[in-house]
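Keep the picture open as you read.

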Amino acid sequence: MLKISIIDGHHQVQQRQTKNGVRYFQEAYAHLGGAFPQQIEVPLRDPVDAKPIGDYTLDLSTFQVGRFKNLELNPFELKLLPAQKSVQKVS
């Protein structure tokens, strides 16, 4: 499961002016299996849609079938779900 982290100090909503208006986003980090997570931007429709600090996974609705029937991410709407923490039983 792909883990995406929103961390303290990098969780504030940011905005960028484009020719179509203001674009809101939030910085996050994708754990892709390398030595370090990769910084990404999570697009937001509105600043109130920002996620709190924590770990997340991608909602299945974020995936779509592309023009040539390949699986791809919708880059304009990355829906994040809180990651479920695994509970270890101590015997």
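Here is a short report, going from the whole chain to one residue.

## About the model

This is a predicted model, where local features need pLDDT of at least 70, side-chain atom pairs count only at pLDDT 80 or more, and totals for chains, interfaces and linings use all residues. Residues are numbered from 1 along each chain as its sequence is written, and side-chain values use heavy atoms, with hydrogens and water left out.

## The whole chain

Count the pieces and you get eight strands and zero helices (strands are DSSP runs of E with at least two residues, helices are runs of H or I with at least four, and both are numbered from the N terminus). Reading along the sequence gives β-β-β-β-β-β-β-β. The C-alpha trace spans about 60 × 40 × 25 Å along its principal axes.

Of the 91 residues in the chain, 23% are buried (under 20% relative accessible area, with a 1.4 Å probe and protein chains only). Now take contacts (heavy atoms within 4.5 Å) between residues at least 6 apart in sequence: 43% of them join residues at least 24 apart.

## Zooming in on Asn74

Where does Asn74 sit? Look in the loop between β7 (71-73) and β8 (80-82).

Its side chain reaches the backbone nitrogen of Phe76 at 3.0 Å. Leaving aside residues up to four places away in sequence, Asn74 touches Thr62 and Gln64.

Terms used
A polar contact is a pair of N or O atoms within 3.5 Å; within protein, one must be able to donate a hydrogen and the other to accept it, and residues adjacent in sequence count only if both atoms are side-chain atoms. Buried means under 20% relative accessible area, exposed over 50%, partly exposed in between (1.4 Å probe, protein chains only).
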